Amino acid sequence: MKNEFKVIADLIEKDKKVLDVGCADGTLMKFLKDNKNINIRGLEISKEKVQECIAKGLTVIEGNAEKDLKQFPDKSFDYVVLSQTLQAFLNPELVLDELLRVGEKAIVTIPNFGYWKVRFHLLFKGTMPITKTLPDEWYNTPNLHMCTIKDFFHFVKSKNIKIFRSLALNNLDTSTINEGNIGVKNMFADLGIFLIEK
Amino acid sequence: MNTEKNIKTLIVKKPLKLDCGKTINNFPIAYETYGSLNSNKDNAILVFHALTGDQFVTGINPVTKKEGWWSYAVGPDKAIDTNKYFVICSNVIGGCMGSYGPSHKDPENQNIFGTNFPVITINDMVNAQYNLLEHFGIDKLFSVTGGSMGGMQVLQFISNFPDKSKTVVPIATTSSHSAQNIAFNELGRQAITADSDWKDGNYTSNNTNPGKGLAVARMAAHITYLSKKGLQEKFGRKLQEREDLKFGFDADFQIESYLRYQGSVFVDRFDANSYLYITRAMDYFDLAKQFKGNLSDAFTKTKAKFFIISFTSDWLYPTQENKDIVIALNSIGADVGFVEIESDKGHDSFLLDVPNFLNALKNFLDKSYEEN
């Protein structure tokens, strides 16, 4: 399981109720269910991925976060997880609001467009950056609203959303982001993980 | 057609008060089982059949000598694995495969009921079938499942008996019959009652059979079970055993011949009055209405795990109507999974060899059973 999921799993206490939005093949869900006795649900847009989840015995709803989160009542989950998907929505702000309505807390991870390799790629190659966390070409990427860790940090603050934990990931290195080091983290982390609450 | 000796029957002694206000008692429920009940009695699945189905889910139907209606899904090693599960299915009341219905005799006057049989509802069907649990000494089913009208019974069952099944799998169904659904059923009923051989429902005593009307009802309904794309791919404008159009009203096109065939074989196995009664029960089905318009309230008492399945090309009970059930369940925090299966086979997809559907059903059941 990738390091990102391990970090997410560490943020969630045992026996909680969790919704994984864009749960893909259910890897994180399965881990949380088996290791932390989490009452876990998933929402996934891909029919194939939904089938994979069902084959793992996971409860998944085929659907689109932008349309289908609204069916969940307020604060019906302890945590709502959104892994590397926020940038792919037509309206990320609306999705973020929905995550925080449905969950007591939300865990959102952001592929960092401020990562030095991304910057260097654009600066020296002059073409759209392709990295481990941003593997697609400009013409076939699902990403519509790329942002940096710094962008997301400021955006969340401007919406009066509380940040409980903000973590920077660079391969296996995990470190805490704060006001003082955000410039550096924004350069050297390829992924940001935020535990937030409204 | 209900005197065959291969039909197992449970006589329900307890009176059953029907939604129409009448009470029936000492009535038969015809059923069939597959696989065996384990010693804990926790491996039973109650399957509910659709409009024209019966208790003979899989294998060769001893009455019609044809494959059972859900042979693709039910059997050894299949999605509903009879090596593992004990499958029970019964003919709905109002039906014509042995359960109490309009072709039975009225105990009060020994005349065949015909349209004097009480109008029954999905709720009545489910309450009647509940007696099978007591008959087999099953405290809690592992699952209840069925497609189409079978799915309606699934929803009604778990609403009526919230702690009587661990899992709930409604397929290609709705919580409320739409105007379009009612319209198609009315078309079928009108075809039957317009047949002069129907004789106000007393065709048996008149030695007639409204076969033409029933066949037309079946033909019209059959179209609603298929998709436009499926029909076009299978038949297109292909001609039936002829080189060119005949400029007449014989079946020039293969689709015409196919529908006529479907109509004619249906008449051999189905009772016209039963068709009236069962379609009426479907039309009356509106689960939300039973709970003052709030569908969620139908499920607040159950802790069962739901898995809802729809099909992309099903326009009779489209995905949105299945999703409405998912939404009602999610809004009360119920344990519900949902998948829409890609298929161009229309509403009939749940009866056919659609591997993604059968895999999803199998995986859901088997994984849920492992967690038992």
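Colleague: Which residues does B:Pro170 touch, not counting residues up to four places away in sequence?

Modeller: B:Pro170 touches B:Gly151, B:Val154, B:Leu155, B:Ile308 and B:Ile325. Contact here means that the C-beta atoms, placed from the backbone, lie within 7 Å. Bear in mind that this is a predicted model, where local features need pLDDT of at least 70 and side-chain atom pairs count only at pLDDT 80 or more, while totals for chains, interfaces and linings use all residues. Residues are numbered from 1 along each chain as its sequence is written, and chains are lettered from A and ligands numbered from 1 in the order in which they are written.

Colleague: OK. Is B:Pro170 buried or exposed?

Modeller: Buried, because 31 other C-beta atoms lie within 10 Å of B:Pro170. The cut-offs are 20 or more such atoms for buried, 12 or fewer for exposed, and partly exposed in between, with C-beta atoms placed from the backbone.

Colleague: And where is B:Pro170 found?

Modeller: In strand β10 of chain B, residues 165-171. Strands (E, at least two residues) and helices (H or I, at least four) are DSSP runs, numbered from the N terminus. One of its contacts, B:Ile325, is 155 residues apart from B:Pro170 in sequence and 9.5 Å apart in space, C-alpha to C-alpha.

Colleague: Switching to the interface: how many residues of chain A are in contact with chain B?

Modeller: 14 residues of chain A, against 20 of chain B. On the chain A side, α3 and β3 (59-62) are the elements that give two or more residues. Helix α3(A) gives the most, with five. That side divides into seven nonpolar, five polar and two charged residues. For those classes, Ala, Val, Leu, Ile, Met, Phe, Trp, Tyr, Cys and Pro are nonpolar, Asp, Glu, Lys and Arg are charged, and the others, Gly among them, are polar.

Colleague: How is chain B divided?

Modeller: Into domain 1 (8-177 + 288-370) and domain 2 (182-279), with bounds from an automatic or database domain assignment. Their C-alpha centres lie 26 Å apart.

Colleague: What about α8(B), which of its residues are buried?

Modeller: Among them are B:Tyr275, B:Leu276, B:Tyr277 and B:Ile278. What covers the buried residues of α8(B) includes α1 (122-129), α4 (179-193) and α5 (211-225) of chain B.

Colleague: Last one, back in chain A: where is the place of A:Ile12?

Modeller: In the loop between α1 (3-11) and β1 (17-21) of chain A. A:Ile12 counts as buried because it has 20 C-beta neighbours inside 10 Å. Leaving aside neighbours within four places in sequence, A:Ile12 is in contact with A:Val18, A:Leu32, A:Lys36, A:Ile38 and A:Tyr79.

Technical notes: Contact = placed C-beta atoms within 7 Å.
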